[in-house]
Amino acid sequence: MAVSKEDKYPIARRYQIADIQVSREATAVKPNVVANLIKKAKRPVLVTGGKLLREEKLVEVAEKFYSKGIPIIATGGSSRVLIEKGIKPQSSVFTLHYVTQFMLDEDWKGFDGKGPYDVVIFLGFLPYYLSRMLSALKHFSKMTTISIDEFYQPHAKFSFTNLTANKELYYRMLDEVVNGI
Amino acid sequence: MAFELKEGLFVVDELKNVSIKIGKVIEEEEEWTEPMGPTPKPDILALRKWDMKLLERYEPFYAPVQDFCNLCTMGPCDLSMNKRGACGIDLKTAKARLVTIACCIGAASHGGHARHMIDHLIKEFGEDFPIDLGGDVNIEAPIIRTVIGIRPKTLGDLREAMEWAERELMRVLHATHIGNEESLLDYESKAMHVSMVDHVVMEIADIAQIVAYNMPKAEPDTPLVDTGFGVIDKNKPVIVVVGHNVLYSKPVLDYLEEMGRLEDFEIAGLCCTTHDMARVGGKGSSKIFGPISYQLRVIRSGLPDVMVSDEQCIRADLLEACKAMGIPLIATSDAAVRGLPDVSEWPVEKIVDALVSGKLPGVFLPDPEKVGQVAPLVAEGVFKKHGGERKYRFFATDEDLWNEINKCTQCMNCVFTCPHNLRIDQGMEHAQKTKDLSKLAKLEEQCIACMKCEQACPKSIKIINVIMASNFERLYNKTGKTRVGRGPVQDTEIRNVGQPIVMGQIPGVIAAVGCINFPDEMKSLREIIEEFIKRRYIVVTSGCHAMDLGMIKDEDGQTVFEKYPGNFDAGCITNMGSCVANSHIAGAAIKIANIFAMRPLRGNYAEIADYVLNRVGAVGFSWGPYSHKAAAIATGFNRLGVPVVVGPHGTKYRRAYIGKYYKPEKWWVYDIKTRKKMNIEPAPDSLLIAVETKEEAIVQLARLCIRPNDTSLGRQIKLTHYLELSQKYLGTLPDDWPIYVRSEADLPLRMKEELMHILESEHGWKIDWDKKKIVEGPIRPFDAGFNPTLVEEVYEKYAGEKPPQ
Ligand code: SF4
Ligand code: SF4
Ligand code: SF4
């Protein structure tokens with residue numbers, strides 16, 4: 001079921017009240033905006049984190065991304081549950097820390113060697129860990145970063161609003177993203 | 001008649017009425033034939049070239065927590081998107097400076113401790129007190145030998161290393177002033193320098209306390225000490241020590257032993273002081289309450305009858321917390337006076353009276369001997385008042401607990417301030433609706449009792465107490481065993497394992513050290529560590545990681561210390577001791593280079609670090625690092641060529657060292673055998689890297705044990721573990737395994753054929769199937785005589801010519 005216009009979105013409350021920087025905070029976006037950003041991207045990629053090991057729904061969402069042709073970089077051990085579903089991640093062994101370091105390098109051609117990724121979607125991370133990586137990407141790269149985790153991520157370019165209190169809405173928003181791409 | 005001599009060797013005939021004061025006698029160096037290396041007492045730039053080699057490969061990575069700077073009055077400055085501040089510094093360099101400052105703080109903490117220790121011990125035992133670490137330890141101070149270029153024989157000799165350390169710390173701290181370094185690489189080099197200082201001062205502190213206090217000297221089978229909340233006998237007065245400097249709490253043991261009253265008291269501790277109490281006590285006279293995250297648990301349980309605090313990592317609201325529970329506090333270290341009155345001139349009775357009566361909530365007492373007397377008397381006095389009936393259930397009644405829970409409105413303010421975003425709201429809601437506390441109880445496993453949530457809660461709910469009370473039975477009955485810290489590794493142990501480590505047959509050394517800011521439940525640490533013990537890696541531990549392992553039992557009710565031997569050997573787990581005992585882990589790596597490979601240590605840091613980087617498959621692991629000391633310890637290991645894996649909170653140190661496997665030009669060495677500069681596999685490909693989950697931790701640790709110098713058999717064993725662990729935890733072969741393959745002999749036996757097919761079909765390698773040989777594909781062929789180095793001077797020394805271009 002898609003998220004209807006009437007749905008009231010919760011406010012974009014930072015996952016950590018003290019994780020403040022002076023530069024821009026993420027634009028809190030609705031699922032259709034995320035879907036459009038992905039559709040317009042030349043080299044989108046989904047990066048998955050360790051939460052997929054504990055949250056079945058996230059695996060399902062990643063699976064749908066994959067079926068729509070979005071490649072996956074699996075970190076945090078998430079490759080195991082993805083591979084069980086028949087997905088072949090572009091990479092399984094490099095941690096998000098490595099992946100971010102590579103993404104900061106303009107010369108990096110991606111795990112598939114086809115050139116730098118332009119839009120990166122993050123799913124299933126410990127919020128404080130993802131936040132640091134998003135901060136690095138914000139300050140030192142031109143990459144478009146999108147967090148579709150349930151915590152609002154201030155240092156992404158675009159982020160879902162804070163959905164921690166409403167898992168149902170969160171899942172519906174994820175569905176709407178995958179249905180829209 | 002009196003005259004003073006400077007330094008030198010003197011023969012004085014017919015001494016009569018002569019008093020001689022000698023500055024320092026230069027000892028005859030009859031036994032130490034080792035030549036002095038190029039960098040004794042290295043100054044701030046002496047090892048810069050080595051650092052730059054590392055930094056060229058392991059590129060610094062910055063993850064800013066703030067993008068502004070307000071260090072001087074020209075600021076605050078917006079440095080976002082790598083802009084420059086008013087002083088000209090950009091965001092990356094500002095972060096590099098910040099990391100350098102953190103490492104300075106870490107080194108200064110261990111250094112302050114070391115200075116205090118040696119000054120005190122020299123006063124007590126004399127400067128000639130010998131450094132004797134037992135018959136199995138001839139290389140008494142591998143770090144000091146390598147860095148300073150001396151062999152300390154007495155406590156007094158340690159001063160020379162200490163003075164060097166203090167000078168270098170000052171220099172590095174100077175460099176962090178506004179308007180100094182311009183290049184982030186120079187800051188990183190300085191961070192490495194001061195972190196090497198950190199390793200030196202840790203060694204000083206631990207050697208001094210081992211010899212003077214007769215702590216275990218490299219003994220593998222030290223006693224097991226009771227660990228956990230449940231080991232406390234609540235029918236005795238309870239003395240709780242917290243911190244890192246055993247100098248102040250040891251006299252408590254001494255005094256009670258002298259009085260024959262050890263049995264009448266319960267002495268337990270938190271954090272490293274408790275490790276060291278166990279090391280001095282040995283016979284079970286003091287117990288381990290738990291890691292540093294247990295502070296508020298312990299205090300709010302009401303169990304202590306007196307608290308003795310010293311320094312580092314202790315809560316900055318300790319006095320407040322103790323006051324709220326009516327627990328008298330004795331602060332002892334000049335680094336943490338806590339606003340308390342100095343009572344060192346008071347008679348013991350007056351201090352005891354002030355604390356027992358509650359006239360004073362706490363005192364500052366920097367006199368160790370007095371602490372030894374005061375603490376037991378206060379504990380006894382307080383105990384007499386309550387007669388063993390402590391209010392130790394976090395809440396007086398169940399009703400109080402439920403009233404607190406029912407106040408929660410699920411506003412989630414707590415969740416957005418908790419370092420782990422623990423879902424306190426859900427736990428509360430579940431309890432409100434079902435009267436079931438299990439969801440709240442589960443939080444106890446992860447809560448570090450930091451108290452941030454309580455301050456954020458608009459209903460002023462005592463969240464920590466709710467969480468602790470919800471898991472009351474399990475927390476209160478938690479018992480376990482930690483093996484007492486053993487100090488250094490024996491030379492004989494190194495002799496046995498040196499070759500298999502360097503050749504690779506022992507797949508690696510995993511050192512689990514540091515603090516408790518874990519990303520998940522404590523038991524993950526055991527899962528990670530045990531995977532490696534079972535696979536016959538050498539596993540060592542220290543600090544809070546060690547005492548956590550001492551609380552986690554398997555189905556048979558055993559901790560790893562009960563289950564596995566304490567040797568420095570394959571399939572064992574060794575507890576080195578407190579934070580400063582981490583020096584023996586670095587020391588073990590250094591000793592391998594010396595004892596097994598005969599590399600000279602004396603003032604020869606770069607050669608030794610280069611040896612370790614290329615040959616010793618040791619990896620540091622800190623699942624929950626948080627202190628500045630942990631930053632310095634890790635960075636010190638990095639300079640020594642040892643990679644470190646940290647848990648996800650470790651990214652908040654802001655800097656990592658991460659190499660890029662896809663840049664072949666970065667991965668080269670000089671090969672002394674073939675006299676060539678050659679490309680090698682990127683092993684290890686990072687020096688500091690964070691992982692998110694235990695699955696990821698396990699795979700990365702195995703991966704980072706690979707070294708260029710592995711023999712075929714060694715590489716085969718390392719790859720076997722790496723590939724198996726990756727299949728088990730990542731569900732697939734690791735992406736990068738082919739880059740570690742030099743010949744078919746490197747391939748894990750069980751999968752050899754299958755892997756060769758993959759190399760051929762997916763990676764375009766050429767295979768001669770008749771001979772079952774790899775013909776084309778690897779970065780380089782295997783050569784049994786391969787003798788790698790990154791250091792030109794080392795190349796020249798062994799090749800007898802300038803390195804090739
Ligand atoms: S030190 Fe430099 S960047 Fe920091 S506040 Fe001062 S001028 Fe600004
Ligand atoms: S005390 Fe525990 S629950 Fe509260 S913020 Fe700290 S870690 Fe989280
Ligand atoms: S802050 Fe207090 S009231 Fe709000 S959810 Fe947390 S415990 Fe409940």
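Helices here are DSSP runs of H or I with at least four residues, strands are runs of E with at least two, and both are numbered from the N terminus. By that scheme B:Met451 sits in the loop between α14 (438-444) and α15 (452-456) of chain B.

Before going on, a word on the ground rules. This is a predicted model, where local features need pLDDT of at least 70 and side-chain atom pairs count only at pLDDT 80 or more, while totals for chains, interfaces and linings use all residues. Residues are numbered from 1 along each chain as its sequence is written, chains are lettered from A and ligands numbered from 1 in the order in which they are written, and side-chain values use heavy atoms, with hydrogens and water left out.

Most residues other than glycine have a negative phi, and most peptide bonds are trans. Look for B:Ser460 in the loop between α15 and α16 (463-470) of chain B.

There are cis peptide bonds to check too. B:Gly75 to B:Pro76 is cis, with omega near 0°, and B:Pro76 is in the loop between β4 (68-69) and β5 (77-78) of chain B. B:Ala683 to B:Pro684 is cis as well, with omega near -10°; B:Pro684 belongs to the loop between β21 (676-679) and β22 (686-690) of chain B.

**Around the ligands**

A residue counts as near a ligand if one of its heavy atoms lies within 4 Å of it. For the classes, Ala, Val, Leu, Ile, Met, Phe, Trp, Tyr, Cys and Pro are nonpolar, Asp, Glu, Lys and Arg are charged, and the others, Gly among them, are polar.

Ligand 1 has 13 residues around it, and the closest are B:Cys69, B:Cys72, B:Gly75, B:Cys77 and B:Cys87. That shell splits into 9 nonpolar, 3 polar and 1 charged. B:Gly75 is also one end of the cis bond to B:Pro76.

The shell of ligand 2 includes B:Cys418, B:Cys447, B:Cys450 and B:Cys453, along with B:Met451. It has 12 nonpolar residues, with no polar and no charged ones. Around ligand 3 you'll find, among others, B:Cys408, B:Cys411, B:Cys414, B:Cys457 and B:Asp425. By class, the ligand 3 shell has 8 nonpolar, 3 polar and 1 charged.

**Where the chains meet**

Chain A puts 54 residues and chain B 62 residues into the contact (heavy atoms within 4.5 Å). About 4500 Å² is buried between them, and carbon and sulfur atoms give 59% of it; buried area is the accessible area (1.4 Å probe) that two parts lose on being put together, summed over both. A:Tyr98, A:Tyr128 and A:Phe140 supply 16% of what chain A buries against chain B, more than any other three residues.

The chains share 32 residue pairs in polar contact, both residues at pLDDT 80 or more. A polar contact is a pair of N or O atoms within 3.5 Å; within protein, one must be able to donate a hydrogen and the other to accept it, and residues adjacent in sequence count only if both atoms are side-chain atoms. On chain A's side, α5(A) gives the most, with 10 residues. That side divides into 24 nonpolar, 21 polar and 9 charged residues.

**Salt bridges**

A salt bridge is a side-chain nitrogen of Lys or Arg within 4 Å of a carboxyl oxygen of Asp or Glu.

| Pair | N to O distance |
|---|---|
| A:Glu150 and B:Arg423 | 3.8 Å |
| B:Lys49 and B:Glu792 | 3.6 Å |
| B:Glu607 and B:Arg599 | 3.0 Å |
| B:Glu127 and B:Arg159 | 2.2 Å |

B:Lys49 lies in helix α1 (residues 48-57) and B:Glu792 in helix α28 (residues 792-799) of chain B, so the pair ties together parts 743 residues apart in sequence. B:Lys49 is partly exposed at 45% relative accessibility, whereas B:Glu792 is buried at 17%. Both B:Glu607 and B:Arg599 are buried. Finally, salt bridges that share partners join A:Lys51, A:Glu55, A:Glu150, A:Lys167, B:Arg423 and B:Asp425 into one network.

Methods:
Buried < 20%, exposed > 50% of the residue type's maximum accessible area, 1.4 Å probe, protein only.
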